[in-house]
Amino acid sequence: MSSADSEQPIHPPTRPRPIASLDDLTADTFGTDEEVEEFVAFTYSERRRDVA
């Protein structure tokens with residue numbers, strides 16, 4: 001086997017589905033609304049941390 005053969009993927013990459021609506025962009029990243037609120041609060045506090 002040559003080195004060029006080892007660099008080729010076993011399967012070709014799949015083509016992404018076209019986005020037809022906003023529902024196609026949704027993800028189940030957070031399990032609850034509380035997790036979302038904690039993430040947003042953390043993000044805001046980290047952004048403002050060096051401002052003060």
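This briefing walks through the fold, the surface patches and a few residues of the structure above. It is a predicted model, where local features need pLDDT of at least 70 and side-chain atom pairs count only at pLDDT 80 or more, while totals for chains, interfaces and linings use all residues. Residues are numbered from 1 along each chain as its sequence is written, and side-chain values use heavy atoms, with hydrogens and water left out.

**Overall layout**

- The chain has 2 helices and 0 strands; both kinds of element are DSSP runs numbered from the N terminus, helices being H or I with at least four residues and strands E with at least two.
- Of its 52 residues, 0% count as buried. Here buried means under 20% relative accessible area, exposed means over 50%, and partly exposed lies in between (1.4 Å probe, protein chains only).
- Accessible areas come from the Shrake-Rupley method with a 1.4 Å probe, and for residues only the protein chains shown count as cover.

**Surface patches**

- Patches are built from residues with over 30% relative accessible area and no salt bridge, joining like charges within 9 Å and nonpolar side chains (Val, Leu, Ile, Met, Phe, Trp, Tyr) within 5 Å.
- Asp33, Glu34, Glu35, Glu37 and Glu38 make up a negative patch. Asp and Glu count as negative, Lys and Arg as positive, and His and the chain ends are not counted; a charge is placed at NZ of Lys, CZ of Arg, CG of Asp or CD of Glu.
- Glu38 sits in helix α2, which covers residues 33-48, and it counts as exposed because its relative accessibility is 56%.
- There's also a nonpolar patch of about 410 Å², made by Phe30, Val36, Phe39, Val40 and Tyr44.
- Val36 from that nonpolar patch is found in helix α2 too, and with a relative accessible area of 32% it is partly exposed.

**The salt bridge**

- A search of the whole structure turns up 1 salt bridge, meaning a side-chain nitrogen of Lys or Arg within 4 Å of a carboxyl oxygen of Asp or Glu.
- The partners are Glu46 and Arg49, whose closest N and O atoms are 3.2 Å apart.
- Glu46 is partly exposed at 31% relative accessible area, whereas Arg49 is exposed at 53%.

**A look at the loop**

- Ile19 lies in the loop between α1 (3-7) and α2, and its relative accessible area of 59% makes it exposed.
- Leaving aside residues up to four places away in sequence, Ile19 touches Asp24 and Leu25; contact means heavy atoms within 4.5 Å.
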